[in-house]
Amino acid sequence: MIIRSAPIRQLICLIGLVSILSAIPAQAACTGSGTSWSCPAGASVSDVNNVVSSASDGATVTFAGGSYSWGGSEIMPSLSKGITFMCASGSKCTVSASNTIFGFNSGSSSNLYRISGFTFNISSYLLWTCPSGGCNGTLTQVRVDNNTVNASASEQVVLQLGENSSTQYIYGVADHNTVTCNSSCYFLEWINAQDNTPPPPPLGTANNFFIEDNTITIKSLTDLGTGCTDGWGQAAIVYRHNTSTNCRVIVHGVTHGGGPSNFEVYDNTITETDSNGDGCYRCVHHQGSNTMIVFNNALSTTGAKSSDPMAFLHYCSLANCIDGGMSECDGTQSQDGNRSPTATYRGYPCFRQPGRDVTGAYKPIYAWKNYWADTSAKVDLNYDDPGGSPDYSAQHIQQNREYYVAVSANAQTSPTSPFNGTTGMGFGTLANRPTSCTTSTEAAFGGQAGVGYFATDQGSQGTLYTCSATNTWSVYYVPYTYPHPLVTGTVGGGGGGGGTPPNPPSSLTAIVQ
């Protein structure tokens with residue numbers, strides 16, 4: 001008979017316990033090498049940042065279906081290496097977070113950065129390109145696509161570009177996302193400080209951030225100052241082929257960092273169902289700066305229709321530019337054009353006013369084929385004079401000089417009807433473009449634009465011509481490639497990812513050409 005002492009029995013039990021525990025797999029960290037990495041459900045921010053540090057340029061990190069809780073610090077891609085974060089095909093990767101999830105540091109990169117296929121339940125930024133502040137530089141290939149975003153915070157921003165003490169330029173696309181906000185929220189907000197040597201005018205170019213083919217729903221319209229978009233200094237935003245509910249498409253103006261450089265809004269279905277929206281009042285709204293293109297948007301409301309569903313302003317036609325921080329354009333400020341005689345022009349052309357580009361060159365606003373979805377009635381882009389004293393709006397903003405609107409909701413039936421080339425603009429086939437046209441009074445000062453005509457059969461999306469000289473039509477604007485090259489994978493020979501995008505919303509065919 002062998003009698004074991006208590007210590008020996010405890011040692012045997014401990015050995016057995018260690019053996020059992022070693023047989024239970026621990027939570028694995030992300031694995032991979034080079035450009036191919038995978039992360040298991042539950043991987044932490046630290047795990048993902050370890051991949052960022054180790055991965056090669058152009059890496060794809062594939063996440064397994066399951067839940068992720070990403071708190072604390074941000075996932076910070078390196079500016080020296082592009083990277084794609086993607087949920088595994090056919091899986092559901094649910095990310096919960098109350099802080100910024102993805103961020104960047106100051107600097108520039110032409111690498112691809114992509115976030116795709118996740119479900120985000122968030123109360124803060126999904127992406128903030130400058131969470132630490134002080135970011136200057138340019139990122140040329142950013143794509144956020146095919147995500148489901150549930151935003152719970154009041155006036156929440158989903159995608160935040162830049163911040164107001166630096167100048168950061170982010171070009172790319174957010175596409176095919178489904179976004180739901182409990183209350184008024186921004187899908188995209190781009191904020192910069194004023195840049196006195198900004199990038200070239202971006203109208204119709206790749207140097208914009210595109211909001212494309214998204215579905216955005218706000219359950220309760222709680223703040224009319226919060227919208228699908230917002231832009232400050234030199235922001236360049238193209239909002240196209242989206243379907244939104246209770247989500248105003250808006251940007252700020254010249255008093256906010258010099259205002260956006262460019263704002264294009266086209267081929268969207270914009271619906272207002274919340275009574276706080278007051279009949280789709282200013283569903284598309286620009287506080288006023290530089291240039292703007294607005295066309296082929298279908299608007300609808302469940303209430304009485306607003307008489308002002310699309311509008312722009314110019315704050316600096318009034319004292320203190322209304323909200324302060326700048327001086328009124330009145331003929332005494334060195335930053336303005338100050339054309340003589342002062343009594344006639346009152347400082348015109350003003351610093352970055354509507355109808356100019358960021359260089360100060362003449363660049364009018366054009367709007368056509370915007371309509372109420374249920375009646376096909378024409379929706380005009382209005383200039384809303386804020387009122388006050390003194391008010392130099394009449395000197396600074398004039399229809400058929402700073403902005404041109406379509407004379408009819410209907411396409412051209414002949415070279416003289418409904419648009420005859422004298423005032424406003426028209427649209428239809430090139431064969432029906434008027435043979436004569438009127439240029440702007442700015443032609444005497446070097447401005448090469450006037451009445452406009454959008455030829456629907458020129459190019460895959462149409463071409464806008466303007467009257468650059470009397471009876472002379474010149475190409476003014478061609479919508480940038482649709483779908484965006486990052487969607488089809490044609491940027492830099494591929495790598496953008498994508499596949500075939502869905503067709504635009506069917507309601508956009510309400511007007512038949």
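User: How many salt bridges does a search of the whole structure find?
Analyst: The search finds 11 salt bridges. Please keep in mind that this is a predicted model.

User: Why can such pairs form in general?
Analyst: Side chains of opposite charge can pair when their charged atoms come close.

User: Which residue forms a salt bridge with Lys305, and how far apart are the closest N and O atoms?
Analyst: The partner of Lys305 is Asp374, with the closest N and O atoms 3.0 Å apart. The pair links distant parts of the chain, 69 residues apart. Lys305 is in the loop between strand S27 (298-301) and strand S28 (310-312), while Asp374 is in the loop between strand S30 (371-372) and strand S31 (382-383).

User: Is Asp374 buried or exposed?
Analyst: Asp374 counts as exposed because its relative accessibility is 55%, and the cut-off for exposed is over 50%. Lys305, at 37%, counts as partly exposed.

User: Now Glu442: which side chain does it meet in a salt bridge?
Analyst: Glu442 meets Arg356, at 2.8 Å from N to O. Glu442 lies in the loop between strand S33 (425-428) and strand S34 (452-455), and Arg356 in the loop between helix H3 (342-345) and strand S29 (365-368), so the pair ties together parts 86 residues apart in sequence. Both Glu442 and Arg356 are buried.

User: Which residues do salt bridges with shared partners join into one network?
Analyst: The network consists of Arg114, Arg143, Asp145 and Asp175. Within it, Asp145 and Arg143 form a salt bridge with their closest N and O atoms 3.5 Å apart. Asp145 is buried at 0% relative accessible area, and Arg143 is buried at 1% relative accessibility.

Technical notes
Residues are numbered from 1 along each chain as its sequence is written. This is a predicted model: local features need pLDDT of at least 70, side-chain atom pairs count only at pLDDT 80 or more; totals for chains, interfaces and linings use all residues. Side-chain values use heavy atoms; hydrogens and water are left out. A salt bridge is a side-chain nitrogen of Lys or Arg within 4 Å of a carboxyl oxygen of Asp or Glu. Buried means under 20% relative accessible area, exposed over 50%, partly exposed in between (1.4 Å probe, protein chains only). Helices (H or I, at least four residues) and strands (E, at least two) are DSSP runs, numbered from the N terminus.
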